[in-house]
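Thanks for passing this one along.

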Amino acid sequence: KATKAASVTTQLYDARDPNNNSMKSANPDGLNVSTERTTAEIVSSIKDSVIGAPGEFGTRGEAYFVAQAVLILSIFNGEIPFIGDFVTFLLGPCLVLVGTALIALGVKDLGSNISPWPQTPENSSLVTQGIYGELRHPMYAGLLFSCFGVSMWTGSAMRLVLCLGLWLLLDKKTMFEEEALIDKFQDEYLDYMVDVAGKFVPAVVEEAMPWGENRKA
């Protein structure tokens with residue numbers, strides 16, 4: 001019995017012993033070889049796609065890849081290389097100045113027709129001259145440009161998110177306002193909406209943007 005107990009104890013010890021050769025897992029050399037082979041195949045495939053892809057250099061969309069890489073690196077770095085300060089100035093103080101100018105021109109051209117409420121005053125007249133010949137809602141546009149400019153100037157992501165909310169709110173407000181203007185001026189305002197397609201941004205600027213092609217069509 002003592003011999004059997006010693007044998008059982010030895011077996012239990014061997015099972016717990018990580019150095020026991022009988023408990024070791026299979027030799028991983030085969031797995032390492034397989035991994036190295038897979039890695040080599042991936043590297044070779046990438047090399048072939050970069051160097052051996054059909055078409056001449058510059059015609060395979062390399063510019064898109066470079067631009068993508070630059071933008072991703074700039075996002076993680078937090079600034080645009082070489083021209084970061086200029087872009088900050090352009091999208092910061094310059095937007096604030098543009099927005100302030102639009103508000104001033106809108107107040108000047110609207111004159112006695114100005115009102116803080118979207119409902120059209122009874123004694124108002126339709127203004128289509130001056131800045132209103134380029135934008136249907138220049139004062140709202142000025143507010144948006146100024147607020148976006150402050151957001152970029154201060155580098156505040158929260159302000160930028162709030163500006164997007166302001167944009168959506170003003171877009172809904174102008175829809176309510178224009179319904180009232182159509183009720184009051186009818187075809188005259190409908191014709192004005194056709195002639196001046198830009199609500200916050202001039203139509204010529206929107207058409208110059210990449211997404212403006214759909215609008216032209």
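My notes follow as numbered points, from the overall fold to the core, the salt bridges and the surface.

1. First, a reminder that this is a predicted model. The protein has 10 helices and 0 strands, so written along the sequence the pattern is simply α-α-α-α-α-α-α-α-α-α. Of its 217 residues, 24% count as buried.

2. On to the inside. The largest nonpolar core holds 22 residues, and L102, Y132, Y189 and F200 are the ones with the most contacts within it. Helices α5 (93–110), α6 (138–154), α7 (157–185) and α8 each put in at least two residues. The largest share is from α6, with 6 residues.

3. How many salt bridges does a search of the whole structure find? It turns up 3.

4. K199 and D171 make another salt bridge, with their closest N and O atoms 3.0 Å apart. Again the link is between distant parts of the chain, with K199 in the loop between α8 and α9 (203–208) and D171 in helix α7, 28 residues apart. Buried or exposed, where does K199 fall? It counts as buried, at 16% relative accessibility, whereas D171 is partly exposed at 25%.

5. The remaining pair is K108 with D109, whose closest N and O atoms are 3.2 Å apart. Here K108 counts as exposed, since its relative accessibility is 61% and the cut-off is over 50%.

6. Now the surface. I80, F82, I83, F86, L90, L91, M152 and L160 make a nonpolar patch of about 790 Å². Helix α4 (residues 84–91) gives the largest share of that patch, 3 residues. M152 belongs to helix α6 and counts as partly exposed, at 33% relative accessibility.

7. Last, the charged surface. D187, E188, D191 and D195 form a negative patch. One of them, D191, lies in helix α8 (residues 187–195). With a relative accessibility of 48%, D191 counts as partly exposed.

Methods
Residues numbered from 1 in each chain as written. Predicted model: local features only at pLDDT ≥ 70, side-chain atom pairs only at ≥ 80, totals over all residues. Heavy atoms only, no water. Patch = residues over 30% accessible without salt bridge, like charges linked within 9 Å, V, L, I, M, F, W, Y side chains within 5 Å. Areas by Shrake-Rupley, 256 points an atom, 1.4 Å probe, with all protein chains shown as cover. Salt bridge = Lys/Arg side-chain N within 4 Å of Asp/Glu carboxyl O. Lys, Arg positive; Asp, Glu negative; His and termini not counted. Charge placed at Lys NZ, Arg CZ, Asp CG, Glu CD. Helix = DSSP H or I, 4+ residues; strand = E, 2+ residues; numbered from the N terminus. Buried < 20%, exposed > 50% of the residue type's maximum accessible area, 1.4 Å probe, protein only. Core = buried A, V, L, I, M, F, W, Y, C linked by side-chain atoms within 4.5 Å.
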